[in-house]
Amino acid sequence: MHETPDELSALDRLLTESLHRSTEHLRSIVTEGEHTLDAAETCQVLTGMRTLALATVTARGEPRISGVDGHFLHATWVFTTSDTSAKAGHLRSRPAVSVAHIIGDDLGVFCHGQVEELTEDHPDRAAVEAHLTAHYGSSPSSWGPEILYARVQPDWMVTYAFAKDRILADAADGDAAT
């Protein structure tokens with residue numbers, strides 16, 4: 001885990017407040033404590049690269065969804081994409097996004113927020129690039145002429161863990177399936 005105590009506290013507040021302001025229907029499925037993960041558990045389960053479904057919006061207000069390699073770093077999702085991709089244009093014009101990481105019926109992490117571009121002069125860019133380079137063995141900046149580095153600043157996030165004890169045990173054992 002890369003999270004500081006302050007980041008874990010903020011994530012715990014976000015997870016709790018998000019669930020409490022969700023619909024009765026969602027709360028009937030995502031039962032607090034029984035089928036949710038706290039901040040430390042969420043970070044434990046989300047180590048390494050996680051495939052995200054990323055939803056953006058076109059200029060005409062039409063939803064678009066695509067996959068990205070997500071990394072949960074300092075209690076937020078970070079990802080990269082080609083600067084020439086449609087999603088890069090959507091994100092720059094309309095930074096509101098939804099992301100989901102789902103593994104069958106076992107795990108779901110759902111998040112809504114705003115994308116922040118991590119430009120070359122952003123104070124967190126070097127640390128994010130170092131993390132990604134260590135994971136992939138090369139810098140995403142070397143993958144094409146222009147790579148967009150992005151971080152989701154979440155304003156709503158809910159976790160769902162069907163078999164919470166098994167998911168946490170698998171994560172502790174390093175099982176990449178969780």
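Which residues touch the most other members of the largest nonpolar core? Hold that question for a moment.

A word on the model first. It is a predicted model, where local features need pLDDT of at least 70, side-chain atom pairs count only at pLDDT 80 or more, and totals for chains, interfaces and linings use all residues. Residues are numbered from 1 along each chain as its sequence is written, and side-chain values use heavy atoms, with hydrogens and water left out.

Now the core. The answer is Leu11, Val45, Trp77, Phe79, Val152 and Met157, out of 32 residues in that core. Strand S6, residues 147–161, gives the most to this core, with 5 residues. Another core lies apart from it, with 7 residues, among them Val78, Val128, Leu132 and Tyr149.

Some terms. A nonpolar core is a set of buried Ala, Val, Leu, Ile, Met, Phe, Trp, Tyr and Cys residues joined through side-chain atoms within 4.5 Å. Buried means under 20% relative accessible area, exposed means over 50%, and partly exposed is in between, with a 1.4 Å probe and protein chains only. Helices (H or I, at least four residues) and strands (E, at least two) are DSSP runs, numbered from the N terminus.

Take Phe79. Its contacts (heavy atoms within 4.5 Å) include Leu54, Val68, Leu91, Val115 and Val152, not counting residues up to four places away in sequence. Asp69 is also on that list.

Next, the strands. Strands of a sheet pair through backbone hydrogen bonds, either parallel or antiparallel. Here, two strands pair if DSSP finds at least two bridges between them. 6 strands close into a barrel, in the order S1-S2-S3-S6-S5-S4, and the pairing is antiparallel. Neighbouring strands of this sheet are turned by 40 degrees against each other on average, direction ignored. For such angles, axes are lines fitted to C-alpha atoms, for helices over the stretch in contact, and angles run from 0 to 180 degrees between N-to-C directions.

Start with S1, residues 49–57, and S2, residues 63–73: 9 bridges join them. Ala53 has Gly67 as its bridge partner in S2. Val57 is partnered by Pro63. The two strands form a hairpin with 5 residues between them, and Gly61 in the turn has a positive phi of about 80 degrees.

On to S3, residues 76–82, joined to S2 by 3 bridges. Phe72 has Trp77 as its bridge partner in S3. This hairpin has 2 residues between its strands.

His74 or Ala75: which is buried, and which is partly exposed? His74 counts as partly exposed because its relative accessibility is 37%. Ala75 counts as buried, because its value is 8%. Both have a positive phi without being glycine: near 55 degrees for His74, near 70 degrees for Ala75.

What lies across S1, S2, S3 and S6? That is helix H5, residues 125–136, running at about 90 degrees to S2.

Last, the largest pocket. Its volume is about 180 Å³. Of the 13 residues that line it, Glu120, Arg125, Glu146, Ile147 and Leu148 are the closest to its centre. S6 gives the largest share of the lining, 3 residues. A pocket is an open set of points on a 1 Å grid over the protein atoms alone, where a 1.4 Å probe fits, with protein on both sides within 12 Å along at least five of seven lines; lining residues have an atom within 4 Å of a point.

Definitions and conventions: Points joined across faces, edges and corners; volume = space filled by probe spheres on them.
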